[in-house]
Amino acid sequence: MRKIWNTMLKGLVALLPIGLTVYLVYWLAVAAETLFSRVLKLVIPASAYWPGLGLVAGLVLLYLAGLAVNAYVVRRALRMGDEFFERIPVVKTLYVAIRDFMRFLPSSGRGSDLKRVVLVPFGEGKIIGFVTAESSVALGLGGREDAVAVYLPMSYMVGGYTVFLPRELLEPTSLSVEAGMRIALMGGVQGVPAPGTQAARGK
């Protein structure tokens, strides 16, 4: 029974991420179609509406929102909203976690805001961090010219910290941002194979 149970768990671990991902994409598509179809049917004849038009309208709206973010007024409004949500006790934890997670995604077609993965001294050990700016002076904060902005995420993205450290304290790594993100998000539970590990297994 234990072998059967362990085999079933292996199957669950293998299929659950795929199943949840497919379901999430399907749910988002259906939710967008349902929401925007109601609005579209108010402004266009029912005969002109075709299935999927609501989803297309949602994608167009996202694109327009991305263009609007470049406007000063919109950026100012978003900053005010950011400050507002950070003051609400329970909402703050959820909002900050989602906001910090979104920093890993590409921004305005320029690639991730996280430039590279480094190791930062932490007592007798080291902590994984992501360089977000190569100079604090470039951010308008002054201070040392060699101070590098490093984002230190907490496990499972429950917040994080941005620290400014001298460049010589940072230890570069060969990890990609995606690989470093997986380690940081899961607290090292699901790491990445060392170089040559997969090749060794293949042999």
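**Exercise 1.** What percentage of the 203 residues of the chain count as buried?

*Solution.* The model is predicted: local features need pLDDT of at least 70, side-chain atom pairs count only at pLDDT 80 or more, and totals for chains, interfaces and linings use all residues. Residues are numbered from 1 along each chain as its sequence is written, and side-chain values use heavy atoms, with hydrogens and water left out. Buried means under 20% relative accessible area, exposed over 50%, and partly exposed in between (1.4 Å probe, protein chains only). By this rule, 21% of the 203 residues count as buried.

**Exercise 2.** State in what order the elements of the chain run.

*Solution.* Helices (H or I, at least four residues) and strands (E, at least two) are DSSP runs, numbered from the N terminus. The chain has six helices and five strands. From the N terminus on, the order is α-α-α-α-β-β-β-β-β-α-α.

**Exercise 3.** Identify the residues of the largest nonpolar core and the element that gives the most to it.

*Solution.* A nonpolar core is a set of buried Ala, Val, Leu, Ile, Met, Phe, Trp, Tyr and Cys residues joined through side-chain atoms within 4.5 Å.
- Step 1: the eight members are Val118, Val120, Val131, Val148, Val150, Leu152, Leu165 and Leu170.
- Step 2: β1 (116-122) and β3 (147-153) are the elements that give two or more residues to this core.
- Step 3: β3 gives the most, with three residues.
- Step 4: a second, separate core has five residues, among them Val117, Ile128, Phe130 and Ala184.

**Exercise 4.** Find the salt bridge and say which parts of the chain the pair ties together.

*Solution.* A salt bridge is a side-chain nitrogen of Lys or Arg within 4 Å of a carboxyl oxygen of Asp or Glu. The structure holds one: the side chains of Lys126 and Glu171 meet at 2.2 Å, N to O. Lys126 lies in strand β2 (residues 125-133) and Glu171 in strand β5 (residues 171-172), so the pair joins parts that are 45 residues apart in sequence. Lys126 is exposed, at 53% relative accessible area, whereas Glu171 is partly exposed, at 33%.

**Exercise 5.** Describe the lining of the second largest pocket by element and by residue class.

*Solution.* On a 1 Å grid over the protein atoms alone, a pocket is an open set of points where a 1.4 Å probe fits, with protein on both sides within 12 Å along at least five of seven lines; lining residues have an atom within 4 Å of a point.
- Step 1: of the ten lining residues, Leu28, Ala32, Gly58, Leu59 and Leu62 are the closest to the centre of the second largest pocket.
- Step 2: α1 (2-43) and α2 (53-68) each supply at least two lining residues, and α2 gives the most, with five.
- Step 3: the lining divides into nine nonpolar residues, one polar and no charged. Here Ala, Val, Leu, Ile, Met, Phe, Trp, Tyr, Cys and Pro count as nonpolar, Asp, Glu, Lys and Arg as charged, and the others, Gly among them, as polar.
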